[in-house]
Amino acid sequence: MASVSLSCSATSLRAATVAREGHTRRADRGQRRRGRVFSARPRASSHRGEASTSTSSDDLDDLISAVASGARDLTRSEFDRLTSELDLTSLCDAASAVRAAGPDPGVVTFSPKVFVPLTFACRDRCGYCTFAKDPEAGRKIYMSLEQVIEVAERGRVAGATECLFTLGDRPEALYPAAKQELNDMGFESTVDYLAHCASAVLARTGLLPHCNAGVLTRAELTKLREVSVSQGLMLESTSDRLVDEPGAAHFNCESKRPAARIRTLDLAGELDVPFTSGILVGIGETREERIDALFAIRESDRKWRGHVQEVIVQNFRAKENTGLRDWPEPPLDELTWTAACARLVFGPVTQIQVPPNLTPEPDDAAGGGGAVGDREGWRALLRCGVSDWGGVSPGVTPDHVSPEAPWPHLSELARVTAEEGYALVPRLAAQARYVVRKRSKLATLFRGDDDDDDDDDDETGGGLPSSPARVHETEGSERWIDARVAPHVRVLADSEGFARASGWCPGRDESSDSSPNDDEANDEPKTNRKTKPWLSARYPRAADVVGVDGAVFGGRVPRDARGSGPPRGSPRVRAAIERLQLRGASLALDCAQLCEVDGEVDEERSRMIEMDIDEAAVATLLRARGDDFDAVCAAADEARAAQCGDVVTYVVNRNINYTNVCTLSCAFCAFSKGPAAEELRGKPYLLATEEIARRTAEAWDRGATEVCMQGGIHPDFTGDDYLAILAAAKSGAPGIHVHAFSPLEVSHGARTLGLTHREFLKKLRDAGLGSLPGTAAEVLDDGVRAQLCPDKLSTDQWLELVSAAHDAGVPTTSTMMFGHVDTDGPDAHARHLLRLRNAHVASVSRNNRGFTEFVPLPFVHFEAPVYRAGLARRGPTLRECILAHAVGRLTLGSAGLTNVQASWVKMGPEMAGELLRAGCNDLGGVLMNESITRAAGARHGQEMSAATMEAIVRGVGGGRVARVRTTAYG
């Protein structure tokens, strides 16, 4: 048996190496790098700040374990011991194990950016720099605002999300002409002008500014924080010797004085600025001085609770016409040694970045260097703990700091990254943990690894994990990004805090060649548009950078390179799929595993550990990208075939939304109307019972077997009004199935009549209620609900009510409305799915009745108040939508909840058809008169004919056939 960790925090070092190098994509499995074998299993007794008291060589295992688990950092003496006892290969393997323990072990990031050199003038002149230039007579020292905007706009169209401002340090301190030019433009300093330009870029293009402005004061950092998402300053070195010695890299460059740069780094931490720093390798520093610099950056980061978002390890490149033009460049081994050291110093969470365009060529590169040398260099870097490639321009601007080194083609970088077992994923200028707020469970699975190539690396394992799951928490934009900037971040972000990098969103078909005539510009409300630039529709549309799988185009490994059969995915994804399938089947047979055990501490601990592992497994699948995404979809489709066969069902029904008047103020809802909301898509209404009866009769005459009725929480309604609505529907068509009233409406009706939920549900059942829509669930996580719908039922209240419905003989559906606020992401969705699974299993065990179906409902953002206020994303990405359905199948299907529905109203007919290949077996209803999604700004039709439904199914192929069903799936 092999031990495989979802986060890889508890795998052995050898297992981490095998997972990396033995990946099914590797073309040459015979070239594994073998280092020293470690066990990186976390120790329950470790705590941050706890010093090691062991000295034997066997304790290297414990050091790597402590760092990988995040329990504590290495001390300098421990670090020195590691580097003295490990050779380069073993050191890189140790760093890889630590990197694999982070929250995103299958992802390598980069930032699609444009490079804006606001000014080349600088008060200092370093011995290696060709960026800084003396002003030329008759030429402007600063780029004009329009020049800046022109570059930023070209970047936006090409798919960039970051505008990197790089400039010399305070040129006005040295050059009177610079001071005069600033005065002529109305600015007191370079930083003032930079803030002006950054603000304009943000408002006019939507690109997110990242400002590298040199050594700054507290006031200057604060000013830039208000108009940017992140800032940066390379520490470069902590050696004053490099400033004081003639001929040294920083001679006479006071802005490179280490104390001044550390002061700026500390101020950024004090001000909660996501900050980039790093070191230069090979500028005359010793290895000891290099490590001193890494520890100095870490000290500042830990002091201010994590503001250093990434540490750049950048190798020196000798350039003509500089003082160090004849200085030797560091070899690749020195760069990989330093990158591995950075990973071990900073642990699993901080991004370690190496610029891919500066990679030294390996001495033994096949073909003698060039593109081949770059590829082999990238591989070496990915094997030593590097997790980020930094900013790469999508063919718009050069690297103005190293213009001799062109950016790599993204497709080539993506291919090499994929071959090493990672998905190349675009990020924003602020790293993901500064964008979204989350609480992740990182746990270990035990399973047999069926990869024949890894038989010699199997370990023995079994039973329960030896320790509970680790918790990884982030604070997101609420702490780290100015409230005026955060809306710009959200419109570009996905649920994990990475870049969306794709124009698709639920509710409308949007593509890169859309024009204003077919976009939301025609539907804009009359209020607040000019004061909210993040809502602006921008043309032409930005190019997509990623595919449906969430990874950069070009990273696909050819089918013949990964073997025949369905895609397998990474070991951790295969383990998660197997875990959920076995666990669901086990719970369906014995739901007692979910029950609390009074007085049995060990059994209760085991139960909680199992639940934590389940949560980690579901979240792992919801984060899948690249080949892992394919593997999840294939597994879901296979499970669908086994559980439901090839029949695709749909129901002929009609929606009746009897009132849009609501006393609640759910942040996502564009349907309900309060007294002052008439400017938003129509006036409040309340249907008469006669109209409800007429519409029901009309639906019956047209062949409908179901009427679905929901509405707002009307301030004048009591439980008797819900009973009257039921009576009206039944009078219009006595034989029709009435699928009506959300759990929130049932709770409201029960409260107004002084009844328990179960008592009122029985009255509704006896009055003709056939089933209950499982809406108003949104996301069953109280952290999400506090942001999205604080007036609604809590998670426990919603679950209690649907359980009462099942007990009262009223079946319910289940839903998840996702893709909106900062706390809404894979971890919250995992908790939601598991709560549905557990509730279903418990209800079935009591009375053989539970949820009839699971319906993921992507958030449609266009007219939602929470989006228009700048507090939500643009709905989920297409990848997130597909995974919600696929992972829903894998989590719920084996536990007996086997019907997964694709909402064509949210997804559109074409994408609903695609979901039939990713675990779905149902297309919902024809939905005569659907209006809630339309009110949110969706353009997909209010009704779909049966013929169209069947055409969608035929288009899927593979023997799928359409069949009309009843509400209860008869």
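1. The axes of H19 (residues 627-644) and H28 (residues 878-892) cross at roughly 45° and come within 9 Å. Axes here are lines fitted to C-alpha atoms over the stretch in contact, with angles running from 0 to 180 degrees between N-to-C directions. H19 passes H28 in a left-handed crossing (near helix turned anticlockwise from the far one by less than a right angle; clockwise would be right-handed).

2. A word on what we're looking at. This is a predicted model, where local features need pLDDT of at least 70 and side-chain atom pairs count only at pLDDT 80 or more, while totals for chains, interfaces and linings use all residues. Residues are numbered from 1 along each chain as its sequence is written, and side-chain values use heavy atoms, with hydrogens and water left out.

3. Who touches whom between H19 and H28? On the H19 side, the residues include Phe629, Val632, Cys633 and Arg640, and they meet H28 residues including Arg879, Ile882, Leu883 and Leu890 (contact: heavy atoms within 4.5 Å). Sorted by class, this contact has 12 nonpolar, 1 polar and 3 charged residues. Nonpolar covers Ala, Val, Leu, Ile, Met, Phe, Trp, Tyr, Cys and Pro; charged covers Asp, Glu, Lys and Arg; the others, Gly among them, are polar.

4. Now have a look at H2 (residues 60-69), which is mostly covered, with 9 of its 10 residues buried (under 20% relative accessible area, 1.4 Å probe, protein chains only). Among the buried ones are Leu60, Asp61, Ser65 and Ser69. Their packing partners are helices H3 (76-85), H4 (88-100) and H12 (332-346), plus strand E13 (470-475).

5. H2 against H4 is worth a separate look. Their axes lie 8 Å apart at an angle of about 30°, and H2 passes H4 in a right-handed crossing. Ile64, Val67 and Ala68 of H2 make the contact with Ala94, Ala97 and Val98 of H4. That gives 6 nonpolar residues, with no polar and no charged ones.

6. Finally, the whole chain. There are 32 helices and 22 strands, taken as DSSP runs (H or I, at least four residues; E, at least two) numbered from the N terminus. Buried residues make up 63% of the 970 in the chain. Of the contacts with a separation of 6 or more, 79% join residues 24 or more positions apart.

Key:
Buried < 20%, exposed > 50% of the residue type's maximum accessible area, 1.4 Å probe, protein only.
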